[in-house]
Amino acid sequence: MDIFNVISLLGGLAMFLYGMRLMGDSLKENSSGTLKAAMGKVTDNPLKAFILGVLVTALIQSSTATIVITAGLVGAGILTLHQSLGIIIGANVGTTVTGQIIRLLDIDASGTSVLRFFQPSTLAPIALIVGIVLIMGSFFKNARSVGNIAIGFGILFSGLLNMTGAVNNLAQSGLIEQLFSGLGENPVLGYITGAGVAFMLQSSSATIGILQAFSATGLLTFKAIYAVIVGIYLGDCVTTAIVCSIGAKAEARRVGIVNILFNLSETVLVLVVVTVIHKLGLLNSLWEKPVNSSIIANTNTIFNLGCALSLFPMLTTYERLSRRIVKDEPVKESKFKDEMEALNPVFFNTPALALQSCYKALLAILAASRTNIERSFQLLKSYDPAIHMDIQADEDEIDRMTDLVSKYMVGFLPQLKLPYHVSILNQYYKVTSEFERLGDHAVNIAEHAAALKRNNTAFSPAALSELAVLESALMNILDETDRTFRKRDVAAAERIEPLVQVTAELIALLKRNHLKRMSTGECNVYADATFSDLMVDFRRIGSVCSNVGVATMVRVHPELADHEHLYFERLHAGSDQAFNAAYDKARQKYFSLLQKPIPEPPVIQGEPVQPEHEVQEEAPVEAEPVQEPTLDEPEHEAQEEAPVEPEAAGDAPAAREADL
């Protein structure tokens, strides 16, 4: 034995493992969608699930991949744990197919030239040639993936041949004979060896293949390898269980636990049965006999298939044990539990109920976002980490609820037939993201308050006094926004824009005052960045509320849909007397609270001072053209809406009479 034989052995092992990985990955990449779809249709019949597990594993050459996919489907709720049991058992049987392919090493081609084509020394170069031709030629859509499968197959057999040649040279040194004779006298050591190698390689098929390569020396006996084969089962299933457990739900982790329980039962059953049969003298002809690749492959298949059939009645026992081992995680009840449960697709056939569910969900999101904004203002005055945590926890709930209601509306849209219902859903879809953005701004404000605390910095009393005035104006805007959406109140929607305009001017004045205080040392210069960031969030809160108001106006007056900019231009041009009166009233109120002379209002004619409006998210593509109702249409549509928004009917006539 010399170092070159060891290098050749390790090089062959590397080629073998890489070929198996390349072939398996290419098969999974090319058929993963089909496999998941097939596995998702498994019924409660364990036998069908078992057959599917065998077929899928035989195709992708990896029991680990099959079980991990199964765990993912269980975690997603597509499969139940009970449905997955048969697939798990089938995967353990399907993994024996690789060993049956490798047994081609034992084909005797001396009698006929046809069999020679099935020898690895011939199959390897043929597979490599076919693979490179497909990759370079790109003859069809999936030619590259099929080519990679063929290349992987060729590399696998090339590595196997390389290992076989290397171990034949090593056999002459007597090292292999000593190694495996020791395993034959100590089954426990053989069991641990098989488990350890399979755990390191993360593949039972690869470990069996290595054992088959070593069998070419003629020094491996049945008594030396049967315990190694059984140990391989345990090592491979531990790796699978670890992969299934990473970031998974309890139900998905149970899939890995069931796999471990089955393989532990399998190892105990095999060791007991083999020991009993040997004591009865039924294995005397095989016990000391050298084994080849075929005997190893057949032994592996018999062990797995026999145990699968014997242990199949214990599936429900494994399920119960897995539930005892992996406890259900404590579920924190969502504050939106009722609203989430109401978003049920069964209501799609009754649009009024489905729209009512969306309406209540959006009201809940708006209320939670508003509460978070109020809390965040409280943190600016006195930081409390517990309140900050509550804000973040509620924000996570808001995000989940927003995602759920958005998906619900997208699924609901194709079911709608009436343009009137589509117009309602369009408004809901537009305001969903706006309500969620309010929650985001609350989180930002809370983060700014935390930054002030971390830096041991605070705003001056004068700055806090001015922020209190701004807070009052923003709360007023949020009140009008809530009234606008809750009652479809156009009058409230019209009151939003003057307040947003005044808020924008307040923000501009506060920034100037803050700059003056910093120049005199009254305000801490280190708080400047935080103050500026706060002003951005405050301004955007106003913009979000303005967008909600406009979405409501468009709902009532569809002709504004393509002319929103003209609506804003007219308001800020000074020709709308109602807007001017509301603006003057709000400006007098909030600027007087600053306890300073009220500055002259900016010139509205020409370049208006106008808040920034964030771009609204587009509504989902409508299934059919929507014929929006005109202002001259009778009021029965507004009344029809009452089941969806209980307070809306009374506001509809006033809305249609508004001077736009």
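How many aromatic pairs does the structure hold? I looked this up before anything else, keeping in mind that the model is predicted. The count is 14 aromatic pairs.

**Entry: one ring pair**

I picked Tyr428 and Phe485 from the aromatic pairs. Their ring centres lie 5.8 Å apart, and the planes make an angle of 65°. I noted the pair as edge-to-face, because the angle is over 60 degrees. Next I looked up where the two residues sit in the chain. Tyr428 belongs to helix 20 (residues 419-454), while Phe485 belongs to helix 21 (residues 461-487). They are 57 residues apart, and the pair links distant parts of the chain.

Are Tyr428 and Phe485 buried or exposed? I found both of them buried. I also checked whether other rings join in. Tyr359, Tyr428, Phe435 and Phe485 are connected by ring pairs into a cluster.

**Entry: a charge over a ring**

I then turned to Arg587 and Phe591. The charged end of Arg587 sits over the ring of Phe591, at 4.5 Å from the ring's centre.

**Entry: the nonpolar cores**

Tyr428 came up again when I looked at the cores. The largest nonpolar core has 80 residues. Which residues have the most contacts inside it? I wrote down Tyr428, Met535 and Phe538. I then listed the helices that each supply at least two residues of this core: helix 18 (351-381), helix 19 (385-412), helix 20, helix 21, helix 22 (490-520), helix 23 (528-556) and helix 25 (577-592). Another core lies apart from this one and has 58 residues, including Phe50, Ala71, Leu79 and Ile88.

**Entry: Thr57**

I looked up Thr57, which is in helix 2 (residues 46-60). Thr57 counts as buried because its relative accessibility is 0%.

**Entry: a nonpolar patch on the surface**

Which residues form the nonpolar patch on the surface? I listed Ile129, Ile132, Val133, Met136, Phe139, Phe140 and Val146. Together they have about 710 Å² of accessible area. Helix 7 (residues 120-137) gives the most to this patch, with four residues.

Val146 is in helix 8 (residues 143-171). I noted Val146 as partly exposed because its relative accessible area is 30%. Ala150 is in helix 8 too, but Ala150 counts as buried, at 14% relative accessibility. Ala150 and Ile132 are 18 residues apart in sequence, and 8.4 Å separate them in space, C-alpha to C-alpha.

**Entry: salt bridges**

How many salt bridges does the count come to? I noted 14 salt bridges, and I followed up several of them.

The side chains of Lys223 and Glu288 meet in a salt bridge, with 3.1 Å from N to O. Lys223 lies in helix 12 (residues 222-245) and Glu288 in the loop between helix 14 (284-287) and helix 15 (293-311), so this pair ties together parts that are 65 residues apart in sequence. I checked the cover on each partner. Lys223 is buried, at a relative accessible area of 13%, whereas Glu288 is partly exposed, at 48%.

Asp403 and Lys407 form a salt bridge of 3.2 Å, N to O. Both are in helix 19, and they are four residues apart, about one turn of the helix. Asp403 is partly exposed, with a relative accessible area of 40%. Lys407 counts as exposed because its relative accessibility is 56%, and the cut-off for exposed is over 50%.

Arg483 and Glu480 are also joined by a salt bridge, at 2.9 Å from N to O. I found both in helix 21, three residues apart, about one turn of the helix. Arg483 is partly exposed, at 31%.

Arg370, Glu374 and Asp479 are connected in a network of salt bridges.

Methods: Residues are numbered from 1 along each chain as its sequence is written. This is a predicted model: local features need pLDDT of at least 70, side-chain atom pairs count only at pLDDT 80 or more; totals for chains, interfaces and linings use all residues. Side-chain values use heavy atoms; hydrogens and water are left out. Rings of Phe, Tyr and Trp (its six-membered ring) pair if their centres lie within 6.5 Å; planes under 30 degrees apart count as stacked, over 60 as edge-to-face and the rest as tilted. Buried means under 20% relative accessible area, exposed over 50%, partly exposed in between (1.4 Å probe, protein chains only). A charge sits over a ring if NZ of Lys or CZ of Arg is within 6 Å of the ring centre and within 35 degrees of the ring normal. A nonpolar core is a set of buried Ala, Val, Leu, Ile, Met, Phe, Trp, Tyr and Cys residues joined through side-chain atoms within 4.5 Å. Patches are made of residues with over 30% relative accessible area and no salt bridge: like charges are joined within 9 Å, nonpolar side chains (Val, Leu, Ile, Met, Phe, Trp, Tyr) within 5 Å. Accessible areas come from the Shrake-Rupley method with a 1.4 Å probe; for residues, only the protein chains shown count as cover. A salt bridge is a side-chain nitrogen of Lys or Arg within 4 Å of a carboxyl oxygen of Asp or Glu.
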